[in-house]
Amino acid sequence: MTSPDLPPWYSQHLLTTPPPPQHTALSLLIAHSGRLVPVISTSTTLALARIWHEQGAAHSTGNAALMLALSAGSFAAACVSAVHRNSEPVTTAVAFTASGAFALIAPAAYTESWALALLLWLVATVLVYAVSARHWRAAQRDRQAREHELALARLASATTVAGAVLERDTKVQALAYGLQVAQAIDDRRRLDPDTYDPGALQQAGLPELPDSKPSDPLRRTS
């Protein structure tokens, strides 16, 4: 018996390669909006420090000492949170961020030099991006791993469904073939019982049904 032809809808159970996504400027901005948060944060801090500078923080030792004290306190809290067994990573990150922000505000609000303030802003921005890049890479690897697992699960499911459909169609066609053979033999016997010879049919070697068992009556007839 030859292999049955696959039905036209068989390919619907198989996964197809999705078309490449079409990116626009707006979609890219939304997708990577989190990458803009560090530079927005440091720029806002610098702007507030310079506004505070104009409001009386210029050359004010007390205001600078206050910011440095807040920075040291935030840094100490971040270190304690980092070494604690039950600490939250978000709390530790916020404490380190606050420490860096206070340390940036103190000299930026104290000094008259815009060059120094911009230099501090540039250093702070680079440090924030250097730290954030590690977390972004880890998040991207996790996302790719989840997408890969999902693709494998979909492929396994589609393969199972397609295999079951193919097995069902094979059994249906095998049963139809067996019924046709049995009907043909019965018609031959009723047409001329005197000349009917089962041995001649057996010697002719009729094709066997796939996965047929010895107890199959159709095989015994053939």
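Start at the largest pocket, which holds about 780 Å³ of space. Here a pocket is an open set of points on a 1 Å grid over the protein atoms alone, where a 1.4 Å probe fits, with protein on both sides within 12 Å along at least five of seven lines. Its volume is the space filled by probe spheres set on the points, which are joined across faces, edges and corners.

Next, select Ala93, Phe96, Thr97, Val128 and Val131, the closest to the pocket's centre among its 25 lining residues (those with an atom within 4 Å of a point). This is a predicted model, where local features need pLDDT of at least 70, side-chain atom pairs count only at pLDDT 80 or more, and totals for linings use all residues. Residues are numbered from 1 along each chain as its sequence is written, and side-chain values use heavy atoms, without hydrogens and water.

Now colour helices H2 (37-57), H4 (89-110) and H5 (114-191), each of which supplies at least two lining residues. Helices are DSSP runs (H or I, at least four residues), numbered from the N terminus. Which helix gives the most to the lining? That is H4, with 10 residues.

Finally, turn to H4 and H5, which pack at an angle of about 165° with axes 9 Å apart (axes are lines fitted to C-alpha atoms over the stretch in contact, and angles run from 0 to 180 degrees between N-to-C directions). That makes the pair roughly antiparallel (angles over 145 degrees). Select Leu104, Pro107 and Ala108 of H4 with Ala117, Leu120, Trp121 and Ala124 of H5 to see the contact (heavy atoms within 4.5 Å).

Methods. Parallel < 35°, antiparallel > 145°, perpendicular 65-115°, else oblique.
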